[in-house]
Every structure is written in structure tokens, then in C-alpha cells.
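Please examine the sequence and the structure shown below.

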Amino acid sequence: MLEQMGGVSGLVYSAVPVVVFVLANALFGLQAGIWSAVGVAVAITALRVVRKEPVQPAISGFFGVAIAAFIAYRTGSAKGFFLFGIWASVIYGSVLLVSVLVRWPLAGVVWNAINGAGTAWRRDKPSRYGYDVATLAMVAVFAGRFVVQRWLYDEDLTGWLAFAKIVMGAPLWGLALLVVVWAVRRSDKRLKALREAQEASDAEAEENLRIKYGQAPPPQQA
């Protein structure tokens with residue numbers, strides 16, 4: 001999942017346009033802040049292409065910065081740069097919460113889809129519970145972002161808003177991903193044990209049938 005976000009470098013790159021925007025806005029005004037942030041986002045995307053790193057996270061980051069810059073331009077306010085991220089947290093958090101309520105926690109759905117593991121985890125209640133907890137951890141991250149950043153937005157604290165966006169980005173995601181890793185390992189261990197138990201049960205049932213009907217066991221290969 002960390003790789004899907006561009007790895008550690010992707011998390012670092014995501015903070016650079018925010019820092020550049022705040023500094024340029026403070027020193028040279030809103031227009032300079034907007035164009036500086038967009039320019040840095042373009043440069044980061046080009047750098048990842050040249051270094052042959054995953055481009056998808058960089059492209060997503062570029063569009064995020066572009067949308068944020070457009071909102072700041074339209075509102076004529078530096079704090080508008082953060083409005084898209086604030087409301088995106090509401091949308092993402094709501095989708096994750098609904099997935100838990102309908103018993104398809106997205107932490108489990110995404111992980112098992114990426115790894116082609118199917119839906120066996122949903123039939124095992126403890127596995128599904130673990131993925132519920134992991135998904136709710138991500139809900140907590142988005143909820144925390146919205147509450148704190150919305151308050152800073154309403155108070156016109158643009159500098160602190162940028163600080164909160166960075167601090168509540170990679171560090172909080174790191175904590176949430178630890179919960180996801182716990183859920184994945186717990187589920188994988190349980191499902192492996194269940195498969196082994198099922199295989200042993202099937203072998204025992206087959207042996208009992210041979211004994212019952214007097215069939216000779218299959219020849220052992222040398």
C-alpha cells in the first residue's frame with residue numbers, strides 16, 4: 001500500500017508543493033505562491049519520469065496541487081489552497097466508513113484484490129474484524145484531518161494549516177498502515193491455518209472411505 005502512494009519518497013514529495021506555496025505566498029503574494037506550487041509539482045513529476053520511478057502517484061499529486069491552486073485562485077485567498085484537501089478527507093473517510101458498515105472493509109478488499117487472494121477473508125469473522133479495525137484506523141485519520149484543518153481554515157491560520165497538512169499526512173498514514181499490516185498478517189495466518197485444517201480433514205475423510213469400502217490405498221512412489 002505504501003508503494004501505491006509512491007513509497008517514502010512519494011510521501012516526502014507530496015509535502016514539497018505545500019511548503020513552497022506557503023513560503024512563496026508569504027514572500028511574494030498569492031499569484032507567486034500558486035505558480036510556484038504548480039511548477040514544483042510539474043518538476044517532481046518530470047523528476048520521477050527521468051528516474052524511472054512510479055509515475056502514477058506523482059500524476060495524482062500534480063492534479064491535486066492543480067485543483068488546490070485553482071481554488072486558491074478563484075477564492076483569491078491563500079487558505080483556499082487547502083480547501084480541496086479538507087473536503088476530500090470527508091469524502092474518503094465517508095467511503096471507508098460505509099465499506100465497514102456494509103461488511104466490505106476497503107482495507108481487506110483492496111489488499112486481497114491487489115494480491116489476487118479472493119474473498120475467503122470475508123468468510124472468516126476474525127479476519128473481517130481485523131480489516132474493520134484497519135479501515136476504521138484510516139477513517140480516524142481522515143476525520144482528524146477534517147476536524148483540525150477545518151478549524152484552522154475557519155480561523156484563517158494559513159501557516160498552521162500548511163503545518164497541519166504535512167504533519168497529518170505521512171506520519172498519521174504511517175500509524176494507519178501499521179494497523180493495516182497487523183490486520184493483513186493476522187488474516188493471512190488464520191486463513192493459512194484454516195486451509196491446512198481443511199486439507200487434513202479432506203485427507204482423513206478420504207482415508208475413512210477407503211477403509212469403509214475396502215479399497216487399497218494408492219501405491220507409494222519411491
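The paragraphs below begin with one tyrosine, then turn to pairs of rings and to charges placed over rings.

The model is predicted. Within it, Tyr153 is part of helix H7, which spans residues 125–154. Its relative accessible area is 13%, and because buried means under 20%, Tyr153 counts as buried. Leaving aside residues up to four places away in sequence, Tyr153 touches Lys79, Gly80, Leu83, Ile86 and Leu161. Gly80 is 73 residues away along the chain, yet the C-alpha atoms of Tyr153 and Gly80 are separated by 8.4 Å. Lys79 lies over the face of Tyr153, at 4.4 Å from the ring centre.

How many aromatic pairs does a search of the whole structure find? The search finds 10. One of them joins Tyr92 and Phe142, whose ring centres are 5.6 Å apart; their planes meet at 55°, so the pair is tilted. Tyr92 belongs to helix H4 (residues 83–101) and Phe142 to helix H7, so this pair ties together parts that are 50 residues apart in sequence. Phe142 is buried at 7% relative accessibility, whereas Tyr92 is partly exposed at 47%.

Trp160 and Phe163 also have ring centres 5.6 Å apart, but their planes stand at 90°, so the pair is edge-to-face. Both residues lie in helix H8 (residues 158–167), 3 residues apart, or about one turn of the helix. Trp160 counts as exposed at 56% relative accessibility, and Phe163 as partly exposed at 48%.

Elsewhere, Phe21, Phe81 and Phe82 form one aromatic cluster. Finally, Arg122 lies over the face of Trp104, at 3.8 Å from the ring centre.

Methods: Residues are numbered from 1 along each chain as its sequence is written. This is a predicted model: local features need pLDDT of at least 70, side-chain atom pairs count only at pLDDT 80 or more; totals for chains, interfaces and linings use all residues. Side-chain values use heavy atoms; hydrogens and water are left out. Helices (H or I, at least four residues) and strands (E, at least two) are DSSP runs, numbered from the N terminus. Buried means under 20% relative accessible area, exposed over 50%, partly exposed in between (1.4 Å probe, protein chains only). Contact means heavy atoms within 4.5 Å. Rings of Phe, Tyr and Trp (its six-membered ring) pair if their centres lie within 6.5 Å; planes under 30 degrees apart count as stacked, over 60 as edge-to-face and the rest as tilted. A charge sits over a ring if NZ of Lys or CZ of Arg is within 6 Å of the ring centre and within 35 degrees of the ring normal.
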